[in-house]
Every structure is written in C-alpha cells, then in structure tokens.
Amino acid sequence: MAAARAQGLADDNVLIRVQTGRVARRPGPLVGGLSGWGYLNGGDMAKTTRGQRSRVAITTLVVAVLASTAAADASSERTARASTQPPTVAGAPAATPTTVDNWTTYHHDQLRQGYDPMASPASGRLSTAWATHLDGAVYGEPLVVFGKVIAVTENDSIYGLSMSGRVLWRRHVGPPVPLSQLPCGDIDPLGITGTPIYHPSTHQVYVAAELNHPIRHRLFAVNPKTGHVDWSRQIDPPAMARSAQQERGALAISHGRVWVPFGGLAGDCGPYHGWVVGTKLSGVGPVSIYRQPSSREAGIWAPSGPAVDASGHLFVAIGNGAALAPPYDDSDSILELDGTHKVSLFAPRNWAAENANDLDLGSTGPMIFGALGHHWAFGDGKAGDGYLLHQRHLGGIGGYAATIANCKSFGGTAYRARTIYVPCLSGLSAYRLTSGPVMRRKWHNTSVLYGASPVVGAGAIWAVYNGGLFQLDPRNGRTVARATLGGCPHFATPTLHGSLVLVGTLSGVTAVSTR
C-alpha cells in the first residue's frame with residue numbers, strides 16, 4: 001500500500017472485494033458482513049483468513065497500480081475491483097468469475113455512502129430507456145443483483161425485471177393494509193416500504209412486508225433468480241402495537257442476521273416505539289429484539305436504515321421521544337448497537353427542546369466513512385444541525401467533532417472524496433471536510449429540495465425531486481441535465497447500473513439512460 005499512500009490515499013477509502021464475503025474487525029470502516037466489500041483506510045491492511053491472503057495480495061497490487069497511474073486526481077479515492085462469483089442453479093456448472101456491478105442494498109453499501117465506482121461515464125444527455133408498470137408504488141430503492149432489477153411494491157409484491165425492463169417474475173406475498181385500517185399514515189395501501197437487501201452467501205434477497213388479516217410484519221427470503229420464497233417468518237415482537245408500527249427503513253445484515261428497523265406512521269399516532277429486530281439468515285431460531293427505552297415514540301424510520309461498520313455494529317437514527325426533561329431516554333440520537341446491546345450514542349445538548357418540537361435526528365439515517373486519518377459517522381435531522389461524530393465513540397450528549405447549521409434534512413446522504421452530500425430542505429448541498437475537522441459548504445442547489453437523497457457515480461451527483469431525475473456537476477452543483485419521471489414517492493433515491501439510472505415511482509420502475 002506504499003504506492004497508494006504516496007498518492008494521498010491516507011484520507012480516503014480504498015475499496016477492495018474479498019470473494020468469501022468475510023470482513024475484518026475494525027481496521028477501517030468496512031461494510032459489516034454484506035457482500036464482501038471492504039474498506040481499508042489510511043493504508044491499513046485487513047486481517048484475513050489463510051485462504052484469503054493471496055486474493056488480498058493481488059487486490060493490493062491492483063490498488064497500488066491504479067494509484068500510481070491516477071496521479072492526476074490524487075485527492076480522489078482509488079478503486080480496485082476483483083472478480084466475484086455469481087450464484088449458480090443447483091446442479092449447473094459454476095460460471096466463470098466475472099466483474100459484476102451489483103447494487104445490493106440502500107445506497108449501494110452498508111456504509112450508506114451511495115457511491116458506485118462502476119457506473120458508466122454520463123454524457124450529460126438523459127433519456128427514458130424504459131418505464132415498467134408494476135402493481136403498486138415502489139418506495140424501496142430498486143436493487144440490481146447479477147443482471148436483474150429487484151423491485152418491491154406497496155401492494156406486497158416482489159418483482160424481478162430484466163435490464164431492459166421486462167418482468168421476469170412476480171411474487172405476491174400477501175394482502176397490503178389499506179390506510180382506512182390504520183390509525184394514521186400517508187401510504188395507501190401499506191405493503192413493502194423498506195429497501196430490501198441481498199446477501200451473496202445465501203443467494204437470497206430479504207424483504208420485510210406489512211400484511212393484513214391480521215395486521216402483521218413478515219420477513220421473506222427470496223431467490224432473485226426465480227422469485228421463489230425460500231422461507232418466511234413473522235418478526236413482530238410480542239409487545240409491539242402492530243397497527244401503529246411502520247417498517248420504512250432499509251434492511252441491514254450483520255453477524256449472520258438480517259436486521260429490520262421499525263418506527264411509527266406519519267402523524268405519530270398510537271403506542272409505537274423504535275425497534276430493531278434481527279433474524280438469522282437461515283430463518284431459524286429466535287429473533288433478537290432491541291426496543292428503545294423511551295416510554296413512547298423514538299422511532300427508527302429514516303429510509304436509509306441502519307449503517308453497519310467494520311465490527312458489524314449498527315448505527316441508527318432515533319426520532320423524538322417522550323422525555324421533555326431529564327432523565328434522558330435515548331431519543332433524538334444517533335445510536336450504535338452491537339446486536340441488541342447499546343455501545344454508544346450521540347444526542348444534541350438541546351435534546352429536550354427538540355423532542356418537544358418534533359425537531360429530532362430521526363429523519364436522516366447515519367452514514368459512515370473514513371477521512372483525515374479517522375473513522376467518522378455523519379447524521380442530520382429536522383432541526384437543521386448536521387453532526388460529524390467519531391465512529392468509534394459517538395460522543396454522548398453534545399460530544400460532536402464538527403457541525404453544520406441551517407440544513408434540515410430528510411432521507412439519506414452520500415459521500416465521495418471528503419465531500420458529504422446532504423438533502424437539505426432548502427436544497428441539495430455539498431460539504432467539504434477539511435482538517436480541524438471542519439465541514440464547509442461547497443455548493444447548494446436550490447432546484448433539488450425536500451427528501452432528494454443523492455447518490456454518486458458516472459462523474460455526477462444524482463437525485464430525484466418533484467418527479468424529475470437531476471444530474472448535477474459534483475464540482476459546483478450545477479444542474480447538467482434533467483429527465484422527467486412522473487410521480488415519485490417521498491425520499492425516492494436513484495440506483496446506478498452501467499449507463500442506466502433506476503428509480504422507483506408511484507407506478508413502477510423507470511430507467512433513464514445516461515448515454
């Protein structure tokens with residue numbers, strides 16, 4: 001890694017891929033147990049098993065070669081991509097390893113950085129490649145798994161689409177819940193809302209659905225090649241008020257379990273709580289349950305769901321709780337969990353006032369990255385204050401490393417090369433991280449407003465707002481191109497794949513060509 005460090009990579013994430021899907025313990029902010037993506041920060045070398053060492057050595061050489069030939073942009077991250085083995089049909093010969101551009105979870109990786117290094121360079125001209133009508137609104141971010149688009153609908157259906165938009169299979173898993181049967185809310189009907197997740201070790205996509213007759217939440221493990229449901233199980237804790245709970249956050253995988261976050265419905269009605277429920281990837285055994293200690297509310301509802309660090313710890317954003325004065329109840333916070341055990345948290349000093357005025361940190365999920373030789377977590381919320389936190393200890397009440405103001409945020413953030421992209425209510429903003437640490441706003445695009453959760457790739461920033469897909473110049477935030485999508489859900493976020501940008505809409509999935 002000496003060549004990489006010589007090119008200024010100590011402040012950025014170097015991306016490698018290990019075929020086995022195992023990850024190291026805390027050398028840098030890796031994706032905990034997802035698909036083998038690992039992040040090494042500052043040239044640190046991940047510990048590997050004996051069988052991985054040769055592959056990591058090869059990957060390290062590729063990183064060094066890339067770094068030495070890319071000196072024109074020494075401040076950017078260098079990416080080395082090794083081959084990965086796609087799943088095979090039972091009894092069929094194994095396929096030849098190929099480089100695969102998968103998008104297997106919300107914002108591409110479990111750090112929630114939203115960066116795709118393999119997207120084709122965009123031309124600045126956008127056109128609709130295809131628009132496929134499905135049986136309901138698509139609130140969850142579409143996934144790409146080995147050449148198939150996986151989309152979920154509020155009609156409780158799971159779809160596999162070809163990259164040309166053809167429906168390959170559909171699996172309807174049950175009846176959704178009409179809004180008329182819920183105490184409040186803003187989605188009608190309510191079915192599958194949270195973004196699913198794919199895991200390569202099981203070759204399954206995990207989907208959490210809300211079902212009717214009776215109202216309940218159920219987790220499904222689906223084969224992305226055929227749509228076959230391999231198993232399903234109910235995931236509601238015994239004490240949960242099911243009709244008052246909504247599963248809106250993206251799913252995460254850590255320590256051999258798929259984790260499902262729960263918050264409340266729009267309108268904060270009923271006796272809901274913040275929950276995180278973990279189920280083994282096999283679907284067997286008892287579920288692991290974490291419930292927020294607040295006597296009410298403190299939901300975990302941000303669309304990006306939990307972020308996962310190198311050790312497999314979950315980082316979640318917590319909404320406003322019942323406490324309006326001490327004692328503190330862990331609400332209005334960024335919380336770190338090791339399974340169901342609380343490790344650390346951060347909360348603003350004025351948490352009581354924010355609880356009283358519904359101005360909490362629960363509206364935008366945490367994002368994890370490495371820069372300036374440190375491991376960071378970033379979170380923002382309804383009050384307009386964004387916080388840079390030390391990932392390894394979030395700082396308790398008031399213990400942030402740096403802050404920004406006047407950026408009320410909803411949805412998910414993105415990161416690339418010491419720049420954090422935040423969906424501020426007043427416009428999508430880019431914040432550059434410099435020594436101190438200090439976050440300074442680099443640009444602000446006032447055409448892209450509420451909930452426009454950005455992703456990065458193909459030499460551009462991509463965001464969805466007001467029925468349109470926006471391509472922004474990462475240098476200055478200028479709108480380069482715009483494509484019309486039609487009606488889109490709140491907090492819709494794009495998925496990148498080659499020269500396509502995929503977006504869930506109120507009627508299905510639309511693919512926009514960037515050529």
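Predicted model: local features only at pLDDT ≥ 70, side-chain atom pairs only at ≥ 80, totals over all residues.
User: Where does Ser 409 lie, and does it count as buried or exposed?

Analyst: Ser 409 sits in the loop that runs between strand S26 (402-404) and strand S27 (414-416). A residue is called buried when its relative accessible area is under 20%. Ser 409 has 0% relative accessibility, so it counts as buried.

User: Which residues does Ser 409 touch?

Analyst: Residues up to four places away in sequence are not counted. Beyond them, Ser 409 touches Ser 363, Thr 364, Asp 380, Gly 381, Lys 382, Val 422 and Pro 423.

User: Where is Leu 361 found, and is it buried or exposed?

Analyst: Leu 361 is in the loop between helix H3 (351-356) and strand S22 (367-371). Its relative accessibility is 2%, and therefore Leu 361 counts as buried.

User: How many residues apart in sequence are Leu 361 and Ile 334, and what is the C-alpha to C-alpha figure in space?

Analyst: In sequence Leu 361 and Ile 334 are 27 residues apart. In space, C-alpha to C-alpha, they are 7.2 Å apart.

User: How is the sheet with S22 and S26 read, and which strands stand at its edges?

Analyst: Read the strand order, then the pairing. Here four strands form an open sheet in the order S22-S23-S24-S26, with antiparallel pairing. S22 and S26 stand at the edges; each has a single partner strand, so one side of each is left without a neighbour in the sheet. On average, neighbouring strands of this sheet are turned by 25° against each other, direction ignored.

User: How many bridges pair S23 with S24?

Analyst: Strand S23 (residues 374-379) and strand S24 (residues 386-390) pair over four bridges in the antiparallel sense. Phe 378 stands opposite Leu 388 in S24.

User: What is the order of strands in the sheet with S9?

Analyst: That open sheet has four strands in the order S9-S10-S11-S12, and the pairing is antiparallel. Strand S9 (197-199) and strand S12 (229-234) are at the edges. S9 is joined to strand S10 (residues 204-211) by three bridges, and Ile 197 stands opposite Tyr 206 in S10.

Terms used:
Residues numbered from 1 in each chain as written. Heavy atoms only, no water. Helix = DSSP H or I, 4+ residues; strand = E, 2+ residues; numbered from the N terminus. Buried < 20%, exposed > 50% of the residue type's maximum accessible area, 1.4 Å probe, protein only. Contact = heavy atoms within 4.5 Å. Pairing = 2+ DSSP bridges. Axes fitted to C-alpha atoms, helices over the stretch in contact; angles between N-to-C directions.
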